[in-house]
Amino acid sequence: MPKVTEAYREARRDEIAQAAIRCLERNGVRDTSIADIVAESGLSTGAIYSHFTNKAELARYIVGRFLVVEIDELESRGRGGEVIPPRDILQSLLRVFSTAGLSPGLVLQFWGEAMVDPDIRGEMTRTVGSLFSGLATAALPWARTRASSDEAARALAGGTARTVAALAQGYIANTAILGPRDPAEYVESAASVLSA
């Protein structure tokens with residue numbers, strides 16, 4: 001029997017994730033079952049469960065596949081010493097919604113479900129921790145240009161990370177409920193309002 005490669009497993013996980021996204025967007029997180037994802041994907045129940053044991057694990061994969069990749073790139077740039085202004089960090093973070101196909105509505109649904117599902121809450125909490133850490137690392141070289149000590153720069157980077165995340169959450173909720181909004185226009189509008 002031929003050995004299954006990691007590339008094949010990743011492609012299969014992506015296929016399942018895409019089927020799950022279609023179901024989750026159509027039915028909502030609460031009303032989507034693994035059986036729905038099986039039907040949507042055309043794969044067997046065993047094939048789904050060999051990759052994901054539950055919806056929380058699937059949620060982690062979906063968020064990781066789309067959002068965490070962008071955060072990792074920002075973090076890497078910050079570790080390399082690149083000075084990235086907070087506006088550009090926010091812009092990069094929001095780009096995932098226009099280029100990668102991650103739906104703000106789906107993210108909002110995961111947040112809502114996290115209030116009542118401890119497994120999804122655990123996954124979302126881990127994701128937020130990773131988000132804050134990555135954004136703070138991305139903001140640190142910029143913060144060092146504005147702070148008098150490394151300690152002050154780290155505090156500024158941490159606060160900036162939390163503010164950027166809050167602005168991203170506002171974009172997600174606003175877009176999910178009120179309809180599409182261009183990320184660049186949102187960032188410029190937020191900057192204009194905050195500088196007034």
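Reply: One term before we start: a polar contact is a pair of N or O atoms within 3.5 Å, where one must be able to donate a hydrogen and the other to accept it. Here's a case: the side chain of threonine 175 reaches the backbone oxygen of tyrosine 171 at 2.8 Å. Also keep in mind that this is a predicted model.

Me: Ok, where is threonine 175 found?
Reply: Threonine 175 sits in helix H8.

Me: And is threonine 175 buried or exposed?
Reply: Buried. The cut-off is under 20% relative accessible area, and threonine 175 has 10%.

Me: Which residues is threonine 175 in contact with, leaving aside neighbours within four places in sequence?
Reply: Pro104, Pro180 and Arg181.

Me: Let's zoom out. How many helices and strands are there?
Reply: Nine helices and zero strands.

Me: What does the C-alpha trace span?
Reply: About 60 × 40 × 30 Å along the principal axes. The protein has 196 residues, and buried ones make up 41% of them.

Me: What about contacts between residues at least 6 apart in sequence: what share join residues at least 24 apart?
Reply: That share is 63%.

Me: Which element has the lowest mean pLDDT, and which the highest?
Reply: H4 has the lowest, at 83, while helix H8, residues 150–178, has the highest, at 95.

Me: Let's look at H4 then. At what angle do the axes of H1 and H4 cross?
Reply: At roughly 105 degrees, and the axes come within 10 Å. Angles of 65 to 115 degrees count as roughly perpendicular, so that's how H1 and H4 lie to each other.

Me: Which residues meet there?
Reply: From H4 you have Leu58, Tyr61, Ile62, Arg65 and Phe66. The H1 side includes Ile16, Ala17, Ile21 and Leu24. Sorted by class, this contact of H1 with H4 has nine nonpolar, one polar and four charged residues.

Me: Someone mentioned leucine 67. Where does leucine 67 lie?
Reply: In helix H4, which covers residues 55–79. Leucine 67 has 14% relative accessibility, so it counts as buried.

Me: What is leucine 67 in contact with, apart from neighbours within four places in sequence?
Reply: Leu93, Val96 and Leu102. Take leucine 102: it's 35 residues from leucine 67 in sequence, yet the two are 8.0 Å apart in space, C-alpha to C-alpha.

Me: Switching to H6. Which of its residues are buried?
Reply: H6 runs over residues 104–114, and the buried ones are Pro104, Leu106, Val107, Phe110, Glu113 and Ala114.

Me: And which helices do those buried residues pack against?
Reply: H1, H4, H5, H7 and H8.

Me: What caps the N-terminal end of H6?
Reply: Serine 103 does: one of its side-chain oxygens lies 3.1 Å from the backbone nitrogen of glycine 105.

Me: At what angle do H1 and H6 pack?
Reply: About 75 degrees, with their axes 10 Å apart. So H1 is roughly perpendicular to H6. The contact is made by Ile21, Leu24 and Glu25 from H1, plus Leu106, Gln109 and Phe110 from H6.

Me: Which backbone oxygen lies 3.3 Å from a polar atom of the threonine 32 side chain?
Reply: That of cysteine 23. Not counting residues up to four places away in sequence, threonine 32 touches Cys23, Leu24, Asn27, Ile37 and Lys55.

Me: Last one: which helix is serine 41 in?
Reply: Helix H2. Serine 41 is buried, with a relative accessible area of 14%. A polar atom of the serine 41 side chain lies 3.1 Å from the backbone nitrogen of leucine 43.

Me: And what does serine 41 touch, beyond residues up to four places away in sequence?
Reply: Glu15, Ala19 and Ile48.

Notes:
Residues are numbered from 1 along each chain as its sequence is written. This is a predicted model: local features need pLDDT of at least 70, side-chain atom pairs count only at pLDDT 80 or more; totals for chains, interfaces and linings use all residues. Side-chain values use heavy atoms; hydrogens and water are left out. Helices (H or I, at least four residues) and strands (E, at least two) are DSSP runs, numbered from the N terminus. Buried means under 20% relative accessible area, exposed over 50%, partly exposed in between (1.4 Å probe, protein chains only). Contact means heavy atoms within 4.5 Å. pLDDT is the predictor's confidence in each residue, from 0 to 100. Axes are lines fitted to C-alpha atoms, for helices over the stretch in contact, and angles run from 0 to 180 degrees between N-to-C directions. Angles under 35 degrees count as roughly parallel, over 145 as roughly antiparallel, 65 to 115 as roughly perpendicular and the rest as oblique. Ala, Val, Leu, Ile, Met, Phe, Trp, Tyr, Cys and Pro count as nonpolar, Asp, Glu, Lys and Arg as charged, and the others, Gly among them, as polar.
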